[in-house]
Amino acid sequence: MPNIVVVGTQWGDEGKGKVVDLVCPAFDVVARFQGGHNAGHTVRFGEHHFSLRLIPSGILHQEVQCVLGNGMVVSPEALLGELGELAQAEVETRGRLWISDRATVLLPTHVALDQARERARGAAAIGTTSRGIGPAYESKAARYGLRMVDLAADDLEERLAAWLEVVRPQLDALGGAADPEAVDAGALAGRCREWGERLGPMLRGTEMLFDTWLREGRSILFEGAQGALLDLDHGTFPYVTSSSATAGGAATGTGVAPTRIDATLGILKAYTTRVGGGPFTTELEDETGEFLRKRGNEFGTVTGRPRRCGWLDLVAARYAQALNGTDGLALTKLDVLDDLPELRVCTGYRVAGEVLAEFPADRAALAAAEPVYRSFPGWRAKTAGVLSWDELPVPARDYVSFIEDQLETPVVFLSTGPRREETLIRRDLPAFTALTGGRL
Ligand code: GDP
């Protein structure tokens with residue numbers, strides 16, 4: 001059985017939740033490796049709707065083990081909230097959910113910092129979810145951050161006090177913290193101890209747990225959050241997230257060696273969306289953009305913010321393909337395009353009269369880039385629930401085939417609706433076996 005990484009190849013919200021939920025029964029373990037509770041998946045399970053932000057949706061499959069890896073930032077408060085939701089629905093998590101003892105703790109102080117900074121940035125706001133994710137990663141890089149194992153440390157209060165000496169002046173300069181507990185070392189230490197007691201049984205040295213599982217031949221699915229263009233190193237800096245959202249992050253964010261990871265499944269939405277600020281070459285600020293937003297229900301699951309919408313961008317997708325080494329794609333939300341008379345796909349960026357073949361690093365070049373489009377006729381037919389390639393309308397097949405040719409990557413899963421049944425699975429492709437071991 002392969003060990004695979006599932007990653008978003010755009011700016012997040014590609015529909016990873018549905019695809020991971022679909023493929024995870026083929027795996028023994030589902031692990032997250034970066035981000036925190038800024039990534040929202042709404043998952044349906046029987047009568048219940050869960051909004052899981054930290055815990056992998058694999059938790060809803062009884063046979064699957066779930067891990068929050070060392071590369072994550074974990075808000076104990078948010079995690080306990082999710083555990084409460086699962087307990088209410090009688091989903092057993094004991095003995096199935098493990099949290100890396102090296103994962104970074106996200107404290108109320110990080111939330112206060114995030115909110116104060118976004119407020120102070122005004123019009124230049126990065127568009128963060130203001131949940132403290134960025135400041136928590138900053139604490140980690142600055143070597144002040146607490147790791148989950150530290151929740152039970154004897155010198156917790158002194159450590160917090162030393163860190164607050166650094167942080168308090170920053171917060172004061174930005175108008176202070178709304179929550180007084182956020183800057184009180186004693187109060188924070190008390191809460192940490194309480195969290196430590198409740199979460200203690202789930203903390204593990206997960207690196208060695210993965211090692212044991214791999215020796216036993218168990219298969220792991222690494223579940224990415226956000227998307228390649230939001231990656232801290234490779235994305236549209238500074239409008240990015242603070243972690244490694246590309247496939248490489250799976251290794252550093254879990255401690256599983258890159259040599260143990262076999263393949264990458266990239267999630268590509270049939271058009272493009274982006275939340276918050278930053279360059280977006282194929283953005284549509286017209287009625288087609290509005291159509292995509294309404295038909296695709298493009299509003300943030302965590303924040304409710306309307307997402308910016310536009311045509312599919314293959315310049316960006318080719319870059320994401322290189323970063324992730326994608327072996328197969330899940331193309332999602334094809335149904336959203338069903339009623340459009342004409343579709344466009346961006347195949348190049350024109351900057352100062354020249355057509356660029358590569359996604360530029362320079363902010364000014366990205367901002368100035370004009371999309372070069374290739375036009376396709378729409379299919380104007382319902383694709384939702386179509387289960388075989390031959391039954392897809394011919395123009396829809398042409399659209400998908402063009403994407404496959406341009407990216408030199410097969411579309412293994414074609415999603416035509418939010419439900420699991422609304423997925424065309426191309427079991428005949430060798431990439432299907434490479435990604436699932438044929439177990440679906
Ligand atoms: P994620 O963060 O990548 O999991 O993406 P989101 O959860 O923000 O967005 C996915 C949303 O689109 C969810 O509400 C899904 O139910 C829905 N969805 C997923 N795939 C499809 C699809 O093929 N068609 C339609 N119409 N909706 C889909």
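Asp150 counts as buried because its relative accessibility is 7%, under the 20% cut-off. In this predicted model, Asp150 lies in the loop between helix H4 (133-141) and helix H5 (156-173), and, leaving aside residues up to four places away in sequence, Asp150 touches Gly145, Leu156 and Arg159.

Helix H6 (residues 185-199) has 15 residues and reaches 20 Å from its first C-alpha to its last, close to the 21 Å expected at 1.5 Å a residue. Its buried residues are Ala185, Leu188, Ala189, Cys192, Trp195, Gly196 and Leu199. They cover an arc of only 125° around the axis and therefore sit on the same side of H6. The partners against which these buried residues pack are helix H2 (76-88), strand S7 (97-100), helix H3 (108-121), H5 and strand S9 (203-204). At the start of H6, a side-chain oxygen of Asp184 comes to within 3.0 Å of the backbone nitrogen of Gly186.

The ligand is surrounded by 15 residues, of which the closest are Gly15, Lys16, Gly17, Asp335 and Ser415. Helix H1 (residues 16-23) supplies the largest share of this shell, 3 residues.

| Residue | Atom on the protein side | Distance to a ligand oxygen atom |
|---|---|---|
| Asp13 | N or O atom in the side chain | 3.3 Å |
| Lys333 | polar backbone atom | 2.9 Å |
| Ser415 | N or O atom in the side chain | 2.5 Å |

Of the 580 Å² of accessible area that the ligand has on its own, the protein covers 84%.

Notes: Residues numbered from 1 in each chain as written. Predicted model: local features only at pLDDT ≥ 70, side-chain atom pairs only at ≥ 80, totals over all residues. Heavy atoms only, no water. Helix = DSSP H or I, 4+ residues; strand = E, 2+ residues; numbered from the N terminus. Buried < 20%, exposed > 50% of the residue type's maximum accessible area, 1.4 Å probe, protein only. Contact = heavy atoms within 4.5 Å. Expected span 1.5 Å × (residues − 1). Arc of directions from axis to C-beta. Polar contact = N/O pair within 3.5 Å; in protein donor to acceptor, adjacent residues only side chain to side chain. Near = heavy atom within 4 Å. Areas by Shrake-Rupley, 256 points an atom, 1.4 Å probe, with all protein chains shown as cover.
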